[in-house]
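The stops below run from single residues to the whole fold.

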Amino acid sequence: MKVFIPKSLQEAVSFLKENQNFIPFAGGTDLMPLLAKGVLSKKNSFIDLNNLTEELSFINLQEDGNLWIGSLATIRKLCENHIIAEHFPLIAASAINIGSVQIRNLATIGGNIANASPAADLIPALLVHDSSLILTSDKKTRQIDLKDYYVSYKRTSRKPYELITGIIVKPLEQGRILFRKIGNRKNLSLSKIVVSSYIAKEFETKDPCRFAAGSVKEIPARLFNLEESVINRRISESELRNALLRDISPINDVRSTCIYRTEVLLRVIRKFIEWK
Ligand SMILES: Cc1cc2nc3c(=O)[nH]c(=O)nc-3n(C[C@H](O)[C@H](O)[C@H](O)COP(=O)(O)OP(=O)(O)OC[C@H]3O[C@@H](n4cnc5c(N)ncnc54)[C@H](O)[C@@H]3O)c2cc1C
């Protein structure tokens, strides 16, 4: 197995430019199980990002209210950060529900995003926050909205020579938020569904509500049709159902069924909308 261990971000992206078959390795909590299962093997080559932790694990609140998070910030760091706890509670709630202590110590926010699992717990919250990603390559840095990053099941618009280096999380106006993860157990379970939502206190604003969910289609989903329905006050059971069915296409798998996922998601969202 070939492993390259760069000492800096510049060294990493220069190397990736010439060696695009090398797979970025951060906390390894998604990659190690793939090695154990034989999906990946000694034939694969890795670029270990762990020497870049100092460079890429910042959590900074900007003057405009946006939060900049380095891609190598661990989930534990998100859980322990007081700015996130105070100003971005949806992110805090999502992070604390990931894995176990051991997993949160290693797992990174960049890995959660890049792995592109439709069940990833952080992504719906980041979608509700209208987040964007910073992708860095040898000579270029580009920014892409997270909602446009996922192309199809486990496929993203990241080029093999790019690294996710940062995440820009926009603040929400005052309002109500909801994080709900439904799995088999309270801890260490993959989501049957995961939901993040926000409704502004002043509903007459330009952007009064946002909904996003995981494990309800092939990619993490912002529920735009549902949002439109709520904005236009079409919130009867059938109106919400029709809107939601245009946003999602859940499947039957080992964790749950298509019907369960649809009905539970609808119920969670209805309760949140109707809550006074
Ligand atoms: C027991 C267990 C429980 C888990 N529980 C949960 C859970 O409850 N919720 C949840 O959402 N996830 C869970 N996970 C999945 C995993 O822990 C997370 O997705 C984690 O955030 C992945 O981060 P990592 O740093 O370990 O990624 P890695 O395994 O290092 O990488 C994951 C993917 O991202 C790519 N990558 C990593 N960093 C970058 C980067 N900076 N730029 C470009 N590509 C990059 C890698 O090439 C790889 O494809 C669990 C995993 C395990 C083993």
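Does aspartate 130 count as buried or partly exposed, and how many C-beta neighbours lie inside 10 Å? Aspartate 130 counts as partly exposed, because 18 C-beta neighbours lie inside 10 Å. The scale is this: 20 or more other C-beta atoms within 10 Å of a residue's own make it buried, 12 or fewer make it exposed, and partly exposed is in between, with C-beta atoms placed from the backbone.

Before going on, note how the model is read. It is a predicted model: local features need pLDDT of at least 70, side-chain atom pairs count only at pLDDT 80 or more, and totals for chains, interfaces and linings use all residues. Residue numbers start from 1 along each chain as its sequence is written.

**Two loops**

Stay on aspartate 130. Its loop runs between helix 9 and strand 6 (132-136). Helices (H or I, at least four residues) and strands (E, at least two) are DSSP runs, numbered from the N terminus. Check the backbone: aspartate 130 has a positive phi of about 55°, although it is not a glycine.

Now select alanine 116, in the loop between helix 8 and helix 9. Alanine 116 also is not a glycine, yet has a positive phi of about 60°. Alanine 116 counts as buried because it has 21 C-beta neighbours inside 10 Å.

**The ligand**

Centre on the ligand. Its shell holds 28 residues, and the closest are Ala26, Gly27, Gly111, Asn112 and Ala114. A residue is near a molecule if its C-beta atom, placed from the backbone, lies within 6 Å of it. Helix 8 provides the largest share of the shell, four residues. Colour the elements that each supply at least two: strand 2 (22-25), helix 2 (31-37), helix 7 (101-106), helix 8 (109-114) and strand 10 (163-169). By type, the shell has 16 nonpolar, ten polar and two charged residues. Here Ala, Val, Leu, Ile, Met, Phe, Trp, Tyr, Cys and Pro count as nonpolar, Asp, Glu, Lys and Arg as charged, and the others, Gly among them, as polar.

**The core**

Next, show the largest nonpolar core, with 67 residues. Such a core is a set of buried Ala, Val, Leu, Ile, Met, Phe, Trp, Tyr and Cys residues joined through C-beta atoms within 7 Å. Those with the most contacts inside the core are Ile91, Ile109, Leu126, Ile167, Val169 and Ala213. Helix 9 (residues 122-128) gives the most to this core, six residues.

Pick leucine 126. Beyond its neighbours within four places in sequence, leucine 126 is in contact with Ser131, Leu146, Ile167 and Val169. Contact requires C-beta atoms, placed from the backbone, within 7 Å.

Move to isoleucine 69, in strand 5 (residues 67-70). Isoleucine 69 is buried because 27 C-beta neighbours lie inside 10 Å. Not counting residues up to four places away in sequence, isoleucine 69 touches Ile59, Ile109, Gly166, Ile167 and Val169.

**Helix 11**

Select helix 11 (residues 237-247); its buried residues are Ala243, Leu244 and Asp247. Seen down the axis, they fall within an arc of 100°, so they line one face of the helix. The arc is that of the directions from the helix axis to the C-beta atoms. Their cover includes strand 14 (221-222), helix 10 (224-231) and helix 12 (258-274).

**The whole fold**

Zoom out. The protein has twelve helices and 14 strands. Its C-alpha atoms fill a box of roughly 55 × 45 × 30 Å, taken along the principal axes. Buried residues make up 40% of the 276 residues.

Terms used: Contact = placed C-beta atoms within 7 Å.
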